[in-house]
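Reader: I would like a close look at a single part of this protein, with some account of what surrounds that part. Please take it step by step.

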Amino acid sequence: MATAKIILPEEGKQNVLITSALPYVNNVPHLGNVVGSVLSADVFSRFSKLRDRPTLFICGTDEYGTATETKALETGQTPQELCDEFHKKHKDVYDWFEIAFDYFGRTTTEQQTVIAQDIFLKLHKNGFLEERTTTQPYCETHESFLADRYVEGTCPKCQYDDARGDQCDKCGSLLDPFELINPHCKLDGATPVPRDTTHIFLKLDKVQPDIEKWFSESSVKGAWPHNGVSITRSWLNKGLEGRSITRDLKWGTPIPLPGYENKVLYVWFDACIGYPSITANYTKDWELWWRNPENVKLYQFMGKDNVPFHTVIFPGSQIGTEDRWTMLNHLSTTEYLNYENGKFSKSRGVGVFGDSVKATGIPPSVWRYYLLANRPETGDTQFEWKSFIAANNSELLANLGNFVNRLIKFANAKLGGVIPEFSPTYTEESFDFPNFISEINALLAEYVADMEAVRLRAGLEKLMRISARGNNLLAGRLDNANLTGNPTRTHTIIGLALNLSYLLASLASPFMPSTATSIVEQLNAPLLSIPDKWTPDALPGGHKIGKAAYLFTRIDEKREAEWRTQYGGTQASRLAEEAAKAKKAADKARDKERKKAKKDAAKSGEPVGGDKSKKVEERSKEADLKTDKVDGKVEIPLRGVMAEEKAPATAAP
């Protein structure tokens, strides 16, 4: 099998380097994770390549850190075994979604160690690092310092007995692990003890003036979105402080300083270095991409919770090395995609996750279209099954699918699959053909402008408007009567429409690559680059097209109820259903106790009252308490039940 050509920058061309936030390795991505980074980056990468630019799209799994080491202890695996398992799970999900990485790597590599240590040592040499001693919780049972969230106990503010060392999910108070009442290690239940530990801090305050100067220039030149600008400015306005970049762990990049043999680099410092290290695993000439600011533009895609890592900490680290770096040009951030007015939750089975989406039987193009049409660019958006089905039936099928299918079927049925001779400059009183071409080109210009600015939702909307104009062209004009009565006009319409289908294949390709492939196969022609101007002559008269095939199929509206049940529906309805079941079980338990009490009383001849009734009441209360427990824990009020969903897991930077 031929080896793929290594993509490198080319002199005199607009070279584009694209990264999507490295997904943390110990979870399976849900739809919000997918659209927020990898899918959005994939769309822009495909667009850039169809604009004939040297474009490299890299990503990979973020594998070091506390969460990985801790989860491995819980599952009985080594950290490497856990990372191997989830790296494959992530890659399988992205392959199904047709994410076309040029290289999908990982951070647990020798190149990561080499590049991260080089950055660390240069920051140390240039005076941007310092030692500080802090007190942290330490578990003597498994001999490890604990991240705050791995210490659990009773909240000192509200007495909730399942608070974490960083925050109480019931009352929302921010906590210190040593404030907890009866603190214990999440892993083994041991009581942690305070212990001093020395760490390396990155002096962000010292590099802040340079970060601010770079930010003020890059955010304007790169036309950053509002949320990216506001989050970065908020950090800078508060004033940057030194932040620890090391941790007391075994699983991570070793620290290249004596006395730090049992510590590693902290994941939020280490993770963004994964971008150049993954590129270095792709090509030995990685510096042509990452140390070439004059000839390379860097586009980075992520959810808003990852912004500071990419706009403050990593740029600060790059600046502090005093090396020549390709730095962030355009930042593309998203808000949250919610699920049916709630949050995705793997543990509660709420929402569609990457490893279950295939089971719906709906092809990737439909999922990609719906997620991108609802991409949370300026505010949170909702995934809803009703609108998902409507998007397929009323938009994809009724608009794009209808236009391409009816046209190619007609050409095959009436013209033997051969494009008739026609002139793109043909004019006729009954239809203004030159104006139609001008309208398409105006929409094409808007599409290109939107995509260049990474306004992906707007670009997708222009694609569908162009398709709708194609349907308008055919309406009332593509039939046997017109073909017989006005063949010249009808041949022109067919020729223009087939060429418009050809254009639509290229415009749709970034969003729905499989759909684009199907269109060009039906047209019997290769996929073309995206032009600045459309001239409807790429498919000339005499060209033989292929057979028609459906691009989309109708989804039965009844599937909505099926999928809502299968994937949890709205969280409100899910919680209400759980509460109703609990109440039913409690009522049943009470009735059982009362019947038993009456039966006992009848046997003994005692009236049901007095002390006996008190005992019945006590047993009834005990039954109530039992039914309010799940897996041995008393259910907490609504805020506590929803806490996991209210604080969505932060993807690794």
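This is a predicted model: local features need pLDDT of at least 70, side-chain atom pairs count only at pLDDT 80 or more; totals for chains, interfaces and linings use all residues.

Author: Beyond its neighbours within four places in sequence, L463 is in contact with Y447, L504, L507, A508, F511 and M512. L463 belongs to the largest nonpolar core, which has 151 residues. Within that core, L463 is among the residues with the most contacts, together with F97, W367, F383, F388 and Y447. In soluble globular proteins, nonpolar side chains tend to be buried together.

A second, separate core has eleven residues, including L146, A163, L175 and C185.

Now the wider setting. The protein chain has 653 residues, and 53% of them count as buried. It contains 21 helices and 18 strands. Taking contacts between residues at least 6 apart in sequence, 78% join residues at least 24 apart. The chain exposes about 29100 Å², with carbon and sulfur atoms supplying 50% of that area.

T70 lies in helix α2, which covers residues 66–75. T70 counts as buried because its relative accessibility is 7%, and the cut-off is under 20%. Helix α12, residues 385–415, bends by about 45 degrees at N402. Just after α12 comes G416, with a positive phi of about 65 degrees.

Methods
Residues are numbered from 1 along each chain as its sequence is written. Side-chain values use heavy atoms; hydrogens and water are left out. Helices (H or I, at least four residues) and strands (E, at least two) are DSSP runs, numbered from the N terminus. Buried means under 20% relative accessible area, exposed over 50%, partly exposed in between (1.4 Å probe, protein chains only). A nonpolar core is a set of buried Ala, Val, Leu, Ile, Met, Phe, Trp, Tyr and Cys residues joined through side-chain atoms within 4.5 Å. Contact means heavy atoms within 4.5 Å. The bend at a residue is the angle between axes fitted to the seven residues ending there and the seven starting there. Accessible areas come from the Shrake-Rupley method with a 1.4 Å probe; for residues, only the protein chains shown count as cover.
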